[in-house]
Amino acid sequence: MPGEKQSAVKYYVGVDVGSASVRAALVDAFGTVVAHAERPIQIWEPQPDHYEQSSADIWAACCSVTKEVVRGVDASRIRGLGFDATCSLVVVDKQFQPLAVNSEGQNRRNVIMWMDHRAVSQVERINSTQHRVLNYVGGAMSVEMQPPKLLWIKENLPESWEKVGYFFDLPDFLSWKATGVTARSLCTVVCKWTYTSDRGWDDSFWKMIGLEDLVKDKYEKIGNHVLSPGEAVGKGLTPDAAKDLGLPEGIAVAASLIDAHAGGLGVIGADVKGHNLPCENQPITSRVAMICGTSSCHMGVSETPIFVPGVWGPYFSAMVPGLWLNEGGQSATGKLIDHVVRGHVAFPELEAKAAASAHSIYTYLNSHLDLIKKSLPVGFLTVDLHVWPDFHGNRSPLTDLTLKGMVVGLTLSRGLDELALIYLATIQAIALGTRHILEAMQAAGHDITTLFLCGGLSKNPLFVQMHADITGKPVVLSKEVESVLVGAAILGACASGDFASIQEAMAKMGKIGRVVQPNHEHKRFYDKKYEVFLKLVEHQREYRSIMSSL
């Protein structure tokens, strides 16, 4: 009977905290998203490069979306809960109450966001130590990691520093709220805090950078109990958290992941049989998962550690248990496209025309490009318009926060055509940046044949096609657009004991949808664009050198 089969379905809840919203999904054991909900969260920008959030606001949003996706579902069928979140820093006192991360003393704003760049001088000092832990972050730490932010708090907010009970990466804060257990995920502490799975914390590093206070209490403040992603935390959901979330008390809660890593988990292990892809019958080490949203991350795994200059890692078991992870990234991608489009003088016209045609602004822009391309391939419209995309510095592979965005080829024209062209050139620049990262990974020893894309930008067909054409590699899109949520649910499924391993859950719950092949006949054009792309940064550095000799 169909009813009997239906009643036996097992469900898992995945909760994803992005930069601007919290989303939840109810996912079945086959990786199908059965229900989905989203709620915005607040971001404060009290001064340039300072981005803050509220952990209370984030948790309230988690509760709201989770209640929504499980409404009307037989609670006994819900087997596990997994969280992922941005790698933002949550600060609480000894009673777990929020502590201010700002000079205004606003305790509610107790989260320094991942994209916050306030700790530039701190990260420069940390990198000048050339400590051995830096080998695991591509040779230089990013300002977006946690040690420079901790040092900034100590140096700038002594009152908060004195009162601190715990510093959490946001994914770990969520598993603590759900279980009351302060265990940290191997993913967060390895990727953002310099922990290593074989040696743990390195006392000499924290002492060298002036944070010896963290060593004194055996790392109680930053975590001395570490679990693998997907491992069950404590005794599951506490009565209070169960009530807040609308879930059964005691269900399994998984050790969490950073959001990009959850996206990687949701796509990278999918079965590709029958799609004639170069990665078929190859280990998943031939794949890179690209998670493209506000920023983009490029996740590649290997069986042995590969050190890639300018690319984070190698991190052991930080995403897929037993494999080493390298993580490239671009700090502003979706945010950059938005910035360029919304800041253009023709944006009001675009907004009005898109609304009148009942399309999103990006669907409208893609159609407009098709109109103006005439007989040319659409990508060739930017033959004399070039963008260097580092408007928020370069994360990989140059690890240079001081780099700026560049546009070459502007005219006095200000209409919709020009807006469409700068939009196209920006997307191409992001794809050229991906090629730059992949080339660095391949030069160091990765063998990458196929890209797996997920995240908001993977819904844009122009963004996807440009990545295929510019890298020369096929792009696989997941069947479920919300791969990050599927990744979070895979964690919950693993914690529940319904799957023997994360790898088994990945293969069963990660499903592929469309495959986009590169247009190889366009290779020469994009090789030339790439040549210009590399010249842009070379020239920017030359200009800086000229001006610094004043």
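Which helix holds Ile-546? Select helix 19, residues 523-548, and you will find Ile-546 there (helices are DSSP runs of H or I, at least four residues, numbered from the N terminus).

Before moving on, note that this is a predicted model, where local features need pLDDT of at least 70, side-chain atom pairs count only at pLDDT 80 or more, and totals for chains, interfaces and linings use all residues. Residues are numbered from 1 along each chain as its sequence is written, and side-chain values use heavy atoms, without hydrogens and water.

Stay with Ile-546: its relative accessibility is 55%, so it counts as exposed (exposed is over 50% relative accessible area, buried under 20%, partly exposed in between; 1.4 Å probe, protein chains only).

Next, go inside and select Leu-150, Ile-153, Phe-167, Trp-206, Ile-222 and Tyr-315. These have the most contacts within the largest nonpolar core, which has 91 residues (a core is a set of buried Ala, Val, Leu, Ile, Met, Phe, Trp, Tyr and Cys residues joined through side-chain atoms within 4.5 Å). Helix 17, residues 483-496, gives this core its largest share, nine residues. A second, separate core has 63 residues, including Ile-427 and Val-537.

Now show Tyr-362 and Tyr-423, a stacked aromatic pair with 5.7 Å centre to centre and 25° between the planes (rings of Phe, Tyr and Trp, the last by its six-membered ring, pair if their centres lie within 6.5 Å; planes under 30 degrees apart are stacked, over 60 edge-to-face, the rest tilted). The pair joins helix 14 to helix 15, 61 residues apart. Tyr-423 counts as buried because its relative accessibility is 1%.

How values were computed:
Helices (H or I, at least four residues) and strands (E, at least two) are DSSP runs, numbered from the N terminus.
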